[in-house]
Amino acid sequence: MTQHNSFHAQQVRSHLELSFAGRDVKGDSMMDYKLPIFFVIGASGSGKTAVSKMLRKMMPEFDIFSTDMLHWMTPTLDERTRMNITLRFAYSIARSGRGTIICGNFTPWDAAFCEDYAKFSQMCYINLHCDRLVREKRLMNRFDNFTWTAERFQEHHEFAELLLQCSDTHFDPPLYTIDTGAHSVPEVAVLIKEYVMPIWNDKRTLVLDDEYEF
């Protein structure tokens, strides 16, 4: 970097720091800040796909998409590559000041390996959970019910129990669990919105770092 460009970059940095000092900058499109990202996770049959459709209607200020969509479109990619792509999409959306809710099993231990992991102010998780019998009944009513063996049912049951067991130890903030067996799809969507909006409105972090270098 030339001395002139370095000086100019410092001028931009100083200008931004002065411009945003002491201001509520949530609505300022000029600034660069980290935003929270939200994940709706849970074992298959817990209601992720159903609630994602309702969330799109209730929360138009967010981009809401399913990890299944990318999985179906990119059958030759490995899972970690798909997760990197998913988080890069979310980061690009955040750069425009919009929020993202990802519906699919994208856990914190998956996210930690992604290149854009540190580019969000928070990673907030909502766990959709229901009784094992309710979940298995739902799965047997799906178009792919012929793929559900006893072993696969057990695998997803163990995953559902794991999420409950580590909700306070592996999630920050703690995992927020909703019982989809006790609530209708619209009710679950309302509960998700009530969880998301206070975090979305409060947890934004101003970023003034090397991304401003020329």
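Start where helix 2 crosses helix 8: the crossing is right-handed. Keep in mind that this is a predicted model.

**Stop 1: the helix pair**

Select residues 48-58 for helix 2 and residues 185-202 for helix 8. Their axes lie 9 Å apart. The angle between them is about 60 degrees, which means helix 2 is oblique to helix 8.

Now show the side chains at the contact. On helix 2, pick Ala50, Val51, Met54, Leu55 and Met58. On helix 8, pick Val185, Pro186, Val188, Ala189, Val190, Ile192 and Lys193. What classes do the residues of this contact divide into? There are 11 nonpolar, no polar and one charged.

**Stop 2: the largest pocket**

Next, select Ser44, Lys48, Thr49, Asp68 and Arg142. These lining residues lie nearest the centre of the largest pocket. The pocket holds about 1200 Å³ of space, and 42 residues line it.

Which elements give two or more residues to this lining? Colour helix 2, helix 3 (67-73), helix 4 (79-95), helix 5 (108-111), helix 7 (150-165) and helix 8 to see them. Helix 2 gives the largest share, seven residues. Then colour the lining by class: 14 residues are nonpolar, 16 polar and 12 charged.

**Stop 3: the second largest pocket**

Finally, select Pro108, Tyr117, Gln122, Met123 and Asp172. They lie nearest the centre of the second largest pocket. About 210 Å³ of space lies there. How many residues line this pocket? The lining has 13. By class, nine are nonpolar, three polar and one charged.

Note on methods:
Residues are numbered from 1 along each chain as its sequence is written. This is a predicted model: local features need pLDDT of at least 70, side-chain atom pairs count only at pLDDT 80 or more; totals for chains, interfaces and linings use all residues. Side-chain values use heavy atoms; hydrogens and water are left out. Axes are lines fitted to C-alpha atoms, for helices over the stretch in contact, and angles run from 0 to 180 degrees between N-to-C directions. Helices (H or I, at least four residues) and strands (E, at least two) are DSSP runs, numbered from the N terminus. Angles under 35 degrees count as roughly parallel, over 145 as roughly antiparallel, 65 to 115 as roughly perpendicular and the rest as oblique. A crossing is left-handed if the near helix is turned anticlockwise from the far one by less than a right angle, and right-handed if clockwise. Contact means heavy atoms within 4.5 Å. Ala, Val, Leu, Ile, Met, Phe, Trp, Tyr, Cys and Pro count as nonpolar, Asp, Glu, Lys and Arg as charged, and the others, Gly among them, as polar. On a 1 Å grid over the protein atoms alone, a cavity is a set of points where a 1.4 Å probe fits but cannot get out, and a pocket is an open set with protein on both sides within 12 Å along at least five of seven lines; lining residues have an atom within 4 Å of a point. Grid points are joined across faces, edges and corners, and a volume is the space filled by probe spheres set on the points.
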